[in-house]
Amino acid sequence: MKIRPLVIALALLAPAVSPMPAAAAAEGYSATIRRTEYGIPHITAKDYGGLGFGYGYAFAQDNLCTLASWVVTLRGERSRYFGPKAESDDPAKPVANLASDVYYKSVAGSGVVRRLLARPAPVGPSDELRRLVDGYVAGYNRYLEDTGVANLPDPRCRGKAWVGPITATDMWNNLLDLDRMVSSSSLKEAITGIAESEGPKPKPAAGSNGWALGRQATRGNGGMVLADPHFPWQGIRRFYQVQLTIPGVLDVSGGSLYGTPVVQIGHNAKVAWTHTVSHAQHFTVYRLKLADGHSYVVDGRAEPMGEQEVEVTMPEGTVSGHTLLTSRYGPVLAVGQTDEAAYALADANAANLRAADEWLAMARAGSLDELRKAQRTYQGMPFVHTLATDASGTAYFADTSVVPHVTDAEAKRCAVPSPVPGLEEYILDGSTSACLWGRDGDAVVPGIFGPGSQPKLTRADYVANSNNTYWMTNPDKPLTGFPKAYGETGTDLEPRPRVGLDMIAQRLSGTDGLGAPGFTLETLQATVRGKRNLTFELMRDDLLKLCRTHRSSSGPETDVREACRTLEKWNGRATLDGEGAVLWREFFIRLGRPTRPGEPVFSPWRVPFDPARPLTTPRGLKIDDPAVRQALADAVLFFRSNRIPLTLTPGQAQSYSSIPIPGCTEGEGCFDRVRTGGPLGTDGRYPEVNTGSSFMMAVALTPGGPRTRTVLTYSLSADPSSPHHTDQTALFSRGGWVTERFTAAEIAADPHLETVTVHGGH
């Protein structure tokens, strides 16, 4: 079979929809913005429109340029302003601007947003959310009008032709794109067939840690939540810290992703919640049996592929035309097509705008039962687990994410070979309707699993997740028996989830050196910022044996004695001054490399993973294997040949905006992990930190109200001229937290409080 390229595809075909102006309340918008330490805004209004207005205005003050650039992206206009080959501003998976533009023009032209806006809730947005979005747009535009493009404080977009007013359509498209983040939006090159770009390759995906602690785990007998999302440190997927209040209706505080009018991770007076990225299936790929170049066969009958014409404007004003093809399942992909077959993407989040309403309803919940009701009503969580608690001290976990209804039996019966090596999603036979997604009676839309099929666990002690599958949410009650579309059970936990569960176990037994058993707000803070490196802990004893028996390799240039002394003295914590932390990372990275090109990745573990002992295996180091000795010698040689001290510390090697950043990688088994933009340089520096712990929140729900500590690792504003550009980053660097001001009295007590009331009309 001859492999040939395909000019490709997006699914939802309909006339283009024009941008909709934000509707203003007849009496106009009004909101009060109070800013406390680190510029954190507390926004109060009498209605949802006013609340959105105040939020949009405050956000524009801090981050207008980031959202303005993203609006260019959502409109498919990046090629026009920045060139077709330059890299897009997608922080999770950037692509060439032309690929980005073709994809987003196709989404806009599909009419999916227009159709969803015509639907009532819960499939379409609620009236409250519509007013929030309209107000947010009006507030952003009011700040831009008041300030003027030429006078914007942020030099990144001051006076730029691509900056202008935004529309409600832009914001709905942003909410849709967030819901598609790990599905269609992450596959732009495969959908468009455009893969050429300038600049570095894709950045790492998001992750997270999350704990919900129940009354049996806390010393105050109330619920506690740890939120530690690991999202990008640049661009539109950053968190913005905010409190949103409508007296008597809504009072929520937490982290809100840029360009969204709701809090994604946060708490109110009685409920707190967080999320971690799920490894469940969120899309499937269907193999199409081709009848000819533009049709395919289902149940013995040929069906024509649909076509969508997309035009993208180039910098010189010319237009680049693209024909996109689609099937009944979704867009036809550029990869894997032969004379006999093509492949189509079926995205469970293709028409999902429900998540924002779900977060809004969760923010209004007065109990865990009400939070669960919000999730059952909207069923819109796009790709995340939920961990939550309330003032009663009940801990709750569920994977309520949107998952295609593919039973284990159907997945086995319909499975076909993948067109792309390593593609983990289900690849199904598209030539028979017997392989279509099924439907649960309690599902809000067809084709997805309903709440009755979802993994969930309620406990009085704790639930925890660090992007592992659901089965080890609490080791005392392993979860099994759910569809494999939600993830496998009995698999290696990986080091980061293991260290998280061990941190909880040590705190509950009082063996971590932090005092009596059980969590308080203070011990929760200390636990999660401990900077433990689990792989070092599990391999240290064997490593020291290796050091005693193999002091050098092939010559004096690879003498490892000094390295061994450094690692023996290191306490295994990736603190700013951790001498040995970077040396260990470089050794550990080399342990995981193939021994020869084309061979599988080498496993250095002496004791392999045992599903019956998931918390204690794998462990140890294969010190008798030459590959282990060679990895240590190679790491030492790199340091020595570049005159880098073996005692190099995280504080010397990694930074963000010139501020030293502690921590290490998840592969090493670090809990509040960081990632840099590339490998260690010959100057002993990593590229700038670009993802990791982002909005950290520790909250205790007490009879007297919530007590909360937070830190926004990259700070509130992306504007380099802002006083809040790196102030919390410096706080994070030295291990500090912000004491949240939640009540009106706490806010008023801030000696540096700044208050402004903003108004707007049409």
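Me: A disulfide is a pair of cysteine sulfur atoms within 2.5 Å; how many does a search of the whole structure find?

Reply: The model is predicted: local features need pLDDT of at least 70 and side-chain atom pairs 80 or more, while totals for chains, interfaces and linings use all residues. Residues are numbered from 1 along each chain, and side-chain values use heavy atoms, without hydrogens or water. Counted along the chain, the bonded cysteines pair as 1-2, 3-4, 5-6, 7-8. The search finds four.

Me: Which helices hold Cys547 and Cys564?

Reply: Their sulfur atoms are 1.9 Å apart and form a disulfide, left-handed with -85° about the S-S bond. Helices here are DSSP runs (H or I, at least four residues), numbered from the N terminus. The pair ties together parts 17 residues apart in sequence, because Cys547 lies in H13 (residues 534-549) and Cys564 in H14 (residues 561-569).

Me: Are Cys414 and Cys435 buried or exposed?

Reply: The two are joined by a disulfide, S to S 2.0 Å. The torsion about that bond is about -90°, so the link is left-handed. With buried meaning under 20% relative accessible area, exposed over 50% and partly exposed in between (1.4 Å probe, protein chains only), both are buried.

Me: How far from Asp179 is the nearest side chain of opposite charge?

Reply: Asp179 sits in helix H6 (residues 168-179). Its contacts (heavy atoms within 4.5 Å) beyond four places in sequence include Asn349, Arg354 and Phe383. Asp179 is buried and has no salt bridge, that is, a Lys or Arg side-chain nitrogen within 4 Å of an Asp or Glu carboxyl oxygen. Lys and Arg count as positive, Asp and Glu as negative, with His and chain ends not counted; the nearest opposite charge, Arg354, lies at 7.4 Å.

Definitions and conventions:
Helix = DSSP H or I, 4+ residues; strand = E, 2+ residues; numbered from the N terminus. Disulfide = S-S within 2.5 Å.
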